[in-house]
Amino acid sequence: EEAAAAAAAATAELRAARAALQAFGVSEEIGEDLSRFTLRAPLAGIVLERNAAVGRTSEPGAPLYRVADLSTLWLIAHASERDAVRIAVGAPVRVSLPALPGRSFDGQVVHVGSQVDRVAHTVRVRVVLANSDAVLRPGMTATAWVSLTGSGDAVVTVPAAATQRVEDGWVVFVPRGEASFEIRRIGRGRDLDGEVEVLSGLTAGETVVVDGAFLLKTEVEKAHGGGEHHHH
């Protein structure tokens with residue numbers, strides 16, 4: 001009876017050992033030498049990280065290799081909160097990378113985050129990129145241009161140098177004759193590659209000061225410092 005119980009326990013241990021080997025993809029036809037067997041990756045890809053080395057012992061559950069399929073990559077873009085509300089899933093994206101000058105890649109928005117970063121005031125936008133020629137690498141930095149809903153509407157813009165910060169808001173200076181300028185408060189929108197979107201305070205076609213705007217701002221601050229509070 002004792003021998004039968006020991007045999008049953010040994011049989012159970014053998015089944016458990018075989019199940020553990022099968023979980024690693026090891027065939028039952030491995031022969032008597034268990035010191036060597038083939039460990040197969042669950043997917044085809046490129047080895048990104050190797051922790052295995054000849055003679056090194058590995059604990060159960062410890063990753064030996066990190067393998068990734070790089071045929072398609074995710075780009076995580078950080079869009080300002082004012083732009084994120086106008087980004088739609090499925091929108092086309094054009095991507096450029098400093099590591100690959102002169103080249104651009106086409107992608108598509110697949111997810112727009114629902115939470116705004118409290119510090120940067122940005123929203124994470126996930127873009128899918130095809131990597132057919134395997135030139136893209138995980139961890140690269142990139143710049144993305146995304147088509148916004150309603151981006152075909154007319155937008156009033158001024159050169160960035162024309163906008164000046166005065167007290168608690170943004171202003172531009174509108175000429176009102178020789179050596180006379182009106183301080184016009186504006187609602188500042190997006191930065192558009194050297195231009196600034198104007199949400200309120202200006203209409204299309206109005207003239208603003210660009211060169212010398214900072215000097216006019218200095219004069220305004222001097223006037224305010226001397227107790228003179230006027231708008232011209």
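Let's start with the core. The largest nonpolar core has 21 residues. A nonpolar core here is a set of buried Ala, Val, Leu, Ile, Met, Phe, Trp, Tyr and Cys residues joined through side-chain atoms within 4.5 Å. Buried means under 20% relative accessible area, exposed means over 50%, and partly exposed is in between, using a 1.4 Å probe and protein chains only. The residues with the most contacts inside this core are V95, F105, V109, V125, V127, L129 and L136. At least two core residues come from each of β3 (72-80), β4 (92-96), β5 and β6. Strands are DSSP runs of E, at least two residues long, numbered from the N terminus.

A word on the model. It is predicted, so local features need pLDDT of at least 70 and side-chain atom pairs count only at pLDDT 80 or more, while totals for chains, interfaces and linings use all residues. Residues are numbered from 1 along each chain as its sequence is written, and side-chain values use heavy atoms, with hydrogens and water left out.

Now take V95. What does V95 touch? Leaving out residues up to four places away in sequence, its contacts are L75, R103, S104, F105, L129, A142, T143 and A144. Contact means heavy atoms within 4.5 Å. F105, in β5, is also the bridge partner of V95. β4 and β5 run antiparallel, joined by four bridges.

Next, the sheet. Five strands form an open sheet in the order β3-β6-β5-β4-β7, with antiparallel pairing. Two strands pair if DSSP finds at least two bridges between them. From one strand to the next, the twist averages 40 degrees. Those angles run from 0 to 180 degrees between N-to-C directions, with axes as lines fitted to C-alpha atoms.

On to two loops. H121 is not a glycine, yet its phi is positive, about 55 degrees. H121 sits in the loop between β5 (105-112) and β6 (122-130). Is H121 buried or partly exposed? H121 is partly exposed, at 43% relative accessible area. E167 is also no glycine, and its phi is positive, near 55 degrees. E167 lies between β9 (164-166) and β10 (169-175), in the loop. E167 is exposed, with a relative accessible area of 52%.

Last, charges over rings. R126 lies over the face of W74, 4.1 Å from the ring centre. The charged end of R188 sits over the ring of W170, 4.2 Å from its centre. The cut-offs are NZ of Lys or CZ of Arg within 6 Å of the ring centre and within 35 degrees of the ring normal.
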